[in-house]
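Here are some notes for a colleague opening this structure for the first time. Please keep the sequence and the 3D view side by side while reading.

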Amino acid sequence: MSLRELKGVLLLLMAIGAAAYFGGGTTFGSFNAETSNVGSAIASGTLTMSDQVNAGTACLSAGGTPQNNVNPACAAVLALTNVAPGVYGGVAQVTVQNTGSIDASKLYFWAPQVNATLNGALTNGNAVTALTVTPLEGTVTSGDALVVSFGTQTQTFTANAAASGGATSISVTSLAANFSYPIGTSVSDTSSDTTANNTDCYDAKTTTPGTALATKGTDLNFNPVTGNPFCGAALIFVQETTGGNHYCWLGKGSSPENASGMCSAPISVNLSSALTTGGPITSLPVTALNGNVASGDSIVVVSGSNTQTFAASANAFFGATAITVTSATPNFAYPTTSTVTDSTTLSVALNPDTTDTITNFDTAHNTIGKIQLFPLTGNGTINNTATVELSHFNTGTFSRIFQIGVYLPAPAGINQNGLQGLQSTFGITWHIDQ
Amino acid sequence: MSKKRFTSKTYLKVLIVVGLLAVVGGGAGTFASFNAQTTNPGNTFQTGSLVLSDTINTGSACYSSAGSGNVNATGCDALFTIPQTWYPGTSDPTPAHLTLANVGSINATALKFWAPLLSTTGSPLTGPQVCNYKHYTPTGSSQPYVGTGNPCNALEIQIQEYTDQNFTTPTTSCVFPASTTQTCSDQGTYSELSALPSPTSQVTVPSGLTAGGSRWFEIAIHYPGSSSSDNEFQSEQTFFDLTWHIDQ
């Protein structure tokens, strides 16, 4: 091959090389195309809840100090004083709301375990022999497991001495902290809520009188708190009133479920307008009911020494402003200050009741016996196959409303002096799952 | 193009993926990925108290709560300790002034009284009585006269309520013997001690006793006397108790 021919071959090879370089395809195709999807992102939703007592400030699950979407320190539902047996106790409304963006498939409530929050921080690596806590809700027994939780951190300590309800320190078997748990960290006794002696509900003698200068619990020698007798006598009920439907979830009327969805919830209201003696009436105008009236119940109107019993002829639920009664003429011009009570609820339904107590709520419906709150479909009816029990914020049923009340029964023929001057303290937990 | 074959490695990969999916996505409700929780702790429910205090004249108050189970059966002062020099013709003993107060925080809707049944050693009476007596030897007497009459059927009692702690204005009724329209004085009658209400026939004094409130009672003993039968009550010591009770 001549030099000239060699140069030609080399030039051809260079041209092929250049074509191969700029073409880039593995097959050396002449035509090709390509796209790229950049910036893809996955954003998780939120599942948070709020819990509002009456018209108070909503308490957020995400607002709790433990930073784990568990807020152990929302407002108390009830703070009742100077209660007497057989007399209307009190009721409060709790609104539970899904404030997140994801539906909750499950909504529960239950009795919390004996609990508190740390009132003294723990230091990672340091030996812990006592937990300094906010006043302990319930009684700790030696040997109980105490779970300390903050964010994703958790550690279990073992109590090595008993601690009474209200105590602010729990002695534990020495153990090095596995994290620096700050003040506000939640503390739960996972061994609790098994008997009347170790429930979240605990009794103490009152240290302030029910009225100024009157005798208080610590003045008395006949009101021992051993075994939490007041927790064991006081009755509790939880009735849902979402969307005008009613369902008794806890208390007298829940097992079996009352056909109308009403708990045996006592009332104590006033007339909203005066009665006259001029002729028969078929309805009692009352301030918004703070309980329920069942058809057939005896409704007692009292003003001073004047009293009259009417017969309810229809059900009336929480919030109703009239009670339908069998026609009767008032025997007195009852003024608006007259009190209106349902004696049937008190004397027939509740006074003999020894089942629906706070103690039994704590032992039967703790973290093991959670009460699942299926959506309501009517009075006394639920949909227990629903896939959503609390819709995400601003859609469907994202709020549910509950009436929570307590009552101290007055069983016939039983001296209850032992319950004078006592205070029961207890809690309620609300929980949603994705 | 050759058909791909599922090797055992491929099967294992599939099983791992399925397992991961089951852990992450399955078990909803039991192992929910997201959850939220609030607790309302510190709900409190306090009972009030119902305690009765009992003061005789200017003595110290006696409290029901000082006794067992809020019943103070023995610790309160006596209404009277009438000297043995009392005899027919002398003045009646000075009436006792009783102040009852509800020092609890709950209103009492009922105020009741009665005389407990007494068994007095040496009493000629058979069985416990609301009033009882026994024979005794008066101081300085070596040969007492032993009366044979029942003083519980002779001595009389009257209970008048007052509207004020100074016992100046009686109410318009008489507690015992009961009258709703006349004071005891206007009514002008007493009742024998033996007619005091028993534990099974308790007398309810209307209007109860409000929390923090007081009521005032004057209790008077009277011996009407009878020239023909006075001797039968010589050397006799008479006993009666009064119990005061409030109910919520």
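Predicted model: local features only at pLDDT ≥ 70, side-chain atom pairs only at ≥ 80, totals over all residues.

Which residue of strand 12 of chain A does A:N115 stand opposite? Point 2 takes this up.

1. A:N115 stands opposite A:S188, a residue of strand 12 of chain A. Strand 12 covers residues 186-189 and is joined to strand 7 of chain A by four bridges. The two strands run antiparallel.

2. As background, strands of a sheet pair through backbone hydrogen bonds, either parallel or antiparallel.

3. **Domains of chain A.** The domain assignment divides chain A into three parts. Domain 1 is made of three segments, 49-113, 196-260 and 353-433. Domain 2 spans 115-189, and domain 3 spans 268-342.

4. **Where domains 1 and 2 of chain A meet.** Taken over C-alpha atoms, their centres are 25 Å apart. Domain 1 gives 17 residues to the contact, and domain 2 also gives 17. On the domain 1 side, strand 13 and strand 26 (422-433) are the elements that supply two or more residues. By class, that side has seven nonpolar, nine polar and one charged residues.

5. **The interface between the chains.** How many residues of chain B are in contact with chain A? There are 33, and they meet 63 residues of chain A. The chain B side divides into 11 nonpolar and 22 polar residues, with no charged ones.

6. Strand 3 of chain A (residues 70-71) pairs with strand 1 of chain B (residues 35-47). Two bridges join them, and the strands run parallel. Within this pairing, A:N71 stands opposite B:T38.

7. **Strand 10 of chain B.** This strand, residues 214-222, is joined to strand 4 (residues 96-102) of chain B by six bridges, in the antiparallel sense. B:L100 stands opposite B:R215 there. Strand 10 of chain B also pairs with strand 7 of chain B, over seven bridges and again antiparallel.

8. **A loop residue of chain B.** B:D92 lies in the loop between strand 3 (62-63) and strand 4 of chain B. Is B:D92 buried or partly exposed? B:D92 counts as partly exposed because it has 16 C-beta neighbours inside 10 Å. Leaving out residues up to four places away in sequence, B:D92 touches B:A220, B:I221, B:H222 and B:Y223. B:A178 is 86 residues from B:D92 in sequence, and their C-alpha atoms are 21 Å apart.

9. **Cis peptide bonds.** Most residues other than glycine have a negative phi, and most peptide bonds are trans. Two bonds to check here are cis. One joins A:S255 and A:P256, with omega about 5°. A:P256 lies in the loop between strand 15 (247-250) and strand 16 (268-270) of chain A. Another cis bond joins B:F176 and B:P177, with omega about -5°. B:P177 sits in the loop between strand 7 (156-162) and helix 2 (184-187) of chain B.

10. **Positive phi at A:L213.** Phi of A:L213 is near 70°, a positive value in a residue other than glycine. The residue is in the loop between strand 13 (202-205) and helix 2 (229-233) of chain A. Why does A:L213 count as exposed? Because A:L213 has 10 other C-beta atoms within 10 Å, and 12 or fewer is the limit for exposed.

11. **Positive phi at A:N394.** Phi of A:N394 is near 70° too, and this residue is likewise not glycine. A:N394 lies in the loop between strand 24 (381-382) and strand 25 (399-407) of chain A. With 11 other C-beta atoms within 10 Å, A:N394 is exposed.

Definitions and conventions
Residues numbered from 1 in each chain as written. Chains lettered and ligands numbered in written order. Contact = placed C-beta atoms within 7 Å. Nonpolar A, V, L, I, M, F, W, Y, C, P; charged D, E, K, R; others polar. Pairing = 2+ DSSP bridges. Buried ≥ 20, exposed ≤ 12 C-beta atoms within 10 Å, placed from the backbone. Domains from an automatic or database assignment.
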